[in-house]
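Hi,

Here is the structure I promised to pass on.

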Amino acid sequence: SVIANNVKKYLYDRGLIDNDFIKYQIGYCTSGEYGGRIIIPSYSESNQLNFFIARTYDGNYFKYKNPEASKDIVFFENLINWQTPVILCEGVFDAIAIRRNAIPLLGKNMAKALYKKLLISSCSDIYVALDADARNRALQISEQLLNQGKRVYLIEMKDKDPSEMGFKAFTKHVQQAQELDLSNLMVHKLDLWLNKEWTFLNRMRKKDWTSIQS
């Protein structure tokens with residue numbers, strides 16, 4: 001149908017392939033509360049629906065319309081192998097682009113259920129891949145996990161997120177990721193603080209210059 005083709009075109013433009021439609025059981029709604037939206041479901045470890053993302057594909061101003069349900073879940077839990085390294089990212093499309101053992105946080109904060117699962121699982125290596133504007137939160141999550149004895153790797157995202165990079169480019173970032181310890185974690189924190197101070201000072205200088213000119 002025309003609608004199905006429009007949905008597929010949108011998803012292809014986001015970097016998805018036909019196998020992704022099957023793996024993630026992606027669908028769409030043509031009417032009702034979620035009309036004009038793509039539906040990406042999430043299932044628990046026991047294959048029970050625990051949440052879903054409803055994302056517009058037709059230019060609706062409100063991009064996401066999520067269900068009135070708790071986000072205290074592990075998204076895509078039934079697809080995660082806890083015996084191998086896990087990658088934490090922000091959005092669902094980021095996780096799909098990463099392809100391998102990626103868990104979207106649905107934002108910048110880690111759900112309690114996910115944190116608990118990471119601690120009790122046998123997964124020892126965790127990669128943190130939040131967007132550049134969430135670097136402070138990425139460091140906080142990394143420190144939490146470090147303090148619990150996990151090996152943590154910080155992936156420097158800079159100006160693009162995983163869904164914009166694509167699988168191959170993101171994989172290179174994973175291979176280059178630096179393992180964190182408390183020492184270089186402090187270096188990252190200091191660097192973040194200095195960047196914030198520098199940005200603040202530049203804004204103040206610009207403000208003073210504008211006031212003088214006026």
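**What I found**

Helix H7 has its buried residues covered by, among others, strand E4 (86–89), helix H3 (92–98), strand E6 (125–129) and helix H6 (162–165). Before we go on: this is a predicted model, where local features need pLDDT of at least 70 and side-chain atom pairs count only at pLDDT 80 or more, while totals for chains, interfaces and linings use all residues. Residues are numbered from 1 along each chain as its sequence is written, and side-chain values use heavy atoms, with hydrogens and water left out. Helices (H or I, at least four residues) and strands (E, at least two) are DSSP runs, numbered from the N terminus.

So which residues of H7 are buried? In H7 (residues 167–175) they are Phe170, Thr171 and Val174; buried means under 20% relative accessible area and exposed over 50%, with partly exposed in between (1.4 Å probe, protein chains only). They sit on the same side of H7 because they cover an arc of only 105° around the axis, taken from the directions from the helix axis to the C-beta atoms. On the face turned away from the buried side you'll find Lys168, Lys172 and Gln175, which are exposed.

Leaving aside neighbours within four places in sequence, Phe170 is in contact (heavy atoms within 4.5 Å) with Ile87, Ile98, Ala129, Ile155, Met157, Pro162 and Met165. Phe170 is also among the residues with the most contacts inside the largest nonpolar core, alongside Leu11, Ile26 and Ile40. That core has 33 residues, a nonpolar core being a set of buried Ala, Val, Leu, Ile, Met, Phe, Trp, Tyr and Cys residues joined through side-chain atoms within 4.5 Å. Its largest share, 5 residues, comes from H3.

Now for E4. Val86 and Leu88 point one way from this strand, Ile87 and Cys89 point the other way, and all are buried. E4 pairs with E6 in the parallel sense over 4 bridges (two strands pair if DSSP finds at least two bridges between them). The bridge partner of Ile87 in E6 is Tyr127. E4 also pairs in the parallel sense with strand E5 (residues 102–104), over 3 bridges, and there Ile87 stands opposite Ala102.

Happy browsing!
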